[in-house]
Amino acid sequence: MYRSALLSILLVLILSPLLGLAPAQSERRFGGTIPAPEFPPGLDWLNVSAPLSFAQLRGKIVLLDFWTYGCINCLHVIPELKLLEEKYADELVVIGVHSGKFDTERNTDNIRSIIERYELEHPVVNDSEFAIWWSYRVRAWPSFVLIDPEGLVIGVHSGEGIYELFDQVIGGAVAEFDALGLIDRTRVRFDLVQSADTPLRFPGKVLADPEGDRLFIADSNHNRLVVASLNGRVLDVIGSGVQGLEDGPFETAQFFRPQGMSLVGGDTLYVADTENHAIRRVNLAARTVETVAGTGKQVYQIRPFGPGLTTGLNSPWDVVYLGGTLYIAMAGQHQLWAFEPDTGTVRRYAGSGREELVDGPIGTAGMNQPSGLATDGVQLFVADSEASAIRVAGTEGVARLDTIVGTGLFDFGDIDGQGDAVRLQHPLGIEFVGGLLYVADTYNNKIKGIDPATRESRTLFGTGESGWQDGRAFEARFDEPGGLSFADDRLYIADTNNHVIRVASLATGEVTTFPIDDPAGLLVGRAEAAFADRVVRLEPVVVGAGEGTLALTITLPENHRFNDLAPFSISWSGEAVEFAEPEVSIVEPTFPLEVPVRISAAAEVVRGDLVIYYCSYDAVKLCLIDQVTLEVPLEVVPEGGAAGEIEYRVVMPEGL
């Protein structure tokens, strides 16, 4: 479906009859010869305050990017587009034309989430009915149309690996049109989608460890891993949160949107570091991270094996350890690969590399963006996402790759049943428990159970409507769940677009939201640095020397409440001030909060380091954090016990 770089920039004389337009006369080397079809009215636009037109964009080189957000090839070009936008910031405008393949990809709110997730800073138009797609005769995702400063089409291209080609053509067009005085370097004003930070940000995968009472969370858009107990207490954070590829101690190691994980022997955690195109190994005892495979560069690998550290990988999305081998769902390669820890080598395991739903011997069978792995101890089960299929690959004897459910790249939906009648929609997560496959049917916002023997599928949790709602199995709502793991009769679910982990009880059928209890402030930084960036100095408070109380009141923005899943915490300090409880962590606090203190006559200032989690009543999934140090000057009077009121009003981040 997604063509690789087979088409170069076409001559306009070839493009012209395809568009059904008469060519204009031009002898410019980098100029177009046919007018670009205008954007149809009535479409939803994102990252701009109003729809754009080519008349508004005169003087700019325009690059149309036709994409759909579940397409791994489309995601691969995002870094290349960002490089072009940075290099030609004054001359180029990139416009994402989102022509969604799957039903859920045509929803504007879902596109808004993906804009946040991949930090897109150019306009995106929701071409849900393919009106723009057909006007340019596009045939594949991703495809690109380049338009000159006079609104004429220069040419088209399909596939990945676009930077060098477009750099050459855009650079030539800039020079040519600049010499004619036709380049307008006035910056186009964008109105970017705002992102509110949350304790977790687009968590992609989870891994439960019942023996160690641990839950490993791929906090993908915070570029780190979070380690919590199975009851929600944050134990550790792996990675600095800085986007990059850096080995070393937990505090300084760097990841780039990590996804799947696999635990070996209790102290070794393997990680699919997806956008670093690498496999990382975490030593949980020594608290260190090292790269064991991948170069940090995305490579469509023709060579089927090689040393791990010198062999380029291609968007590894999940990993599972079986029989001394780490198997890798190589989404960008449409294959399964294997890493051998004993030798440090990687090799292709299954899949021809052609994107197709074809069963057969593992070397020749076709796969479609595999993104989830599970095992029964003998076989591998695969969430073959773009074909909306669940596959099984043998690891013994004459191994084969076969399809359990799913019939083709464009055969998707939400249909329970048996065999070829079953329809899923872009499943990303899979887990094997007690003879049953649990599947995160991502774009259907459901968790399904599939019997690999009978090929029967049934919905277990979720209404199918996107949202964040706990409750009984068929009342619960998810928003594109991407991963799941089992422990102690419970499924832990990475509810990606809700930025939370959900817990589904197999015994009771209840779905709850996993509490994040972070009394040490590990998710917001080390204790010494967590509050260094923002200090608010309040009005002086008159207090009496001696024993008494300080009363703290916090007022939230209108129509907001304290997050009942994460604790409000405060750490008090102050010279010549003694606190009965210098550190407080409370879920659902009530105010005023009275703080017993002893204040001496020499006291000058009280400091409170606060972490406040709060959520909107209207948009349940919009939850925010306010991290602040309050400085309160004291005016100490000798008579009476200490008594003072401290008031702090939380202000919403600008733009929300």
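Where is the place of Pro142? Select Pro142 and you will find it in the loop between α5 (131-135) and β6 (143-147), where helices (H or I, at least four residues) and strands (E, at least two) are DSSP runs, numbered from the N terminus. The peptide bond that leads from Trp141 into Pro142 is cis, with omega near -15°.

Before going on, keep in mind that this is a predicted model, in which local features need pLDDT of at least 70 and side-chain atom pairs count only at pLDDT 80 or more, while totals for chains, interfaces and linings use all residues. Residues are numbered from 1 along each chain as its sequence is written, and side-chain values use heavy atoms, with hydrogens and water left out.

Pro592 belongs to the loop between β43 (583-586) and β44 (593-599).

**Two helices side by side**

Now show α3 (residues 78-87) together with α6 (163-179). These helices pack at an angle of about 25°, with their axes 10 Å apart; axes are lines fitted to C-alpha atoms, for helices over the stretch in contact, and angles run from 0 to 180 degrees between N-to-C directions. That makes α3 roughly parallel to α6, a label given to angles under 35 degrees, with over 145 counted as roughly antiparallel, 65 to 115 as roughly perpendicular and the rest as oblique. To see the contact (heavy atoms within 4.5 Å), display Glu80, Leu83, Leu84 and Lys87 of α3 against Tyr163, Phe166, Asp167 and Ile170 of α6.

Continue to Arg187, in the loop between α6 and β8. Arg187 is exposed, with a relative accessible area of 57%; exposed means over 50%, buried under 20%, and partly exposed in between (1.4 Å probe, protein chains only). Leaving aside residues up to four places away in sequence, Arg187 touches Lys60, Ala89 and Asp90. With Asp90 there is a polar contact between the two side chains at 2.5 Å, the term standing for a pair of N or O atoms within 3.5 Å, of which, within protein, one must be able to donate a hydrogen and the other to accept it, and residues adjacent in sequence count only if both atoms are side-chain atoms.

From Arg187, move to Phe216, which is 29 residues away in sequence and 43 Å away in space, C-alpha to C-alpha. Phe216 is in β9 and stands opposite Leu207, and β8 and β9 (residues 214-219) pair in the antiparallel sense over four bridges; two strands pair if DSSP finds at least two bridges between them.

Which strands lie at the edges of the next sheet? This open sheet has five strands in the order β17-β21-β20-β19-β18, with antiparallel pairing, and its edge strands are β17 (305-307) and β18 (316-322). Neighbouring strands are turned by 25° against each other on average, direction ignored. At the β18 end, six bridges join β18 to the antiparallel β19 (residues 325-330), and Val320 stands opposite Tyr327.

Select β29 (residues 436-441), in which six of six residues are buried. The covering holds for both faces, with Leu436, Tyr438 and Ala440 on one side and Leu437, Val439 and Asp441 on the other. Five antiparallel bridges pair β29 with β28 (residues 429-433), and Val433 stands opposite Leu436. These two strands form a hairpin with two residues between them, and Gly434 in the turn has a positive phi of about 55°. Five bridges also join β29 to β30 (residues 446-451), which runs antiparallel to it, and the partner of Ala440 there is Ile447.

**Two positive phi values**

Finish with Asp488, in the loop between β33 (481-487) and β34 (490-495), which has a positive phi of about 55° although it is not a glycine. Is Asp488 buried or partly exposed? At a relative accessible area of 47%, Asp488 is partly exposed. His499, in the loop between β34 and β35 (500-505), has a positive phi near 65°, and at 9% relative accessibility His499 counts as buried.
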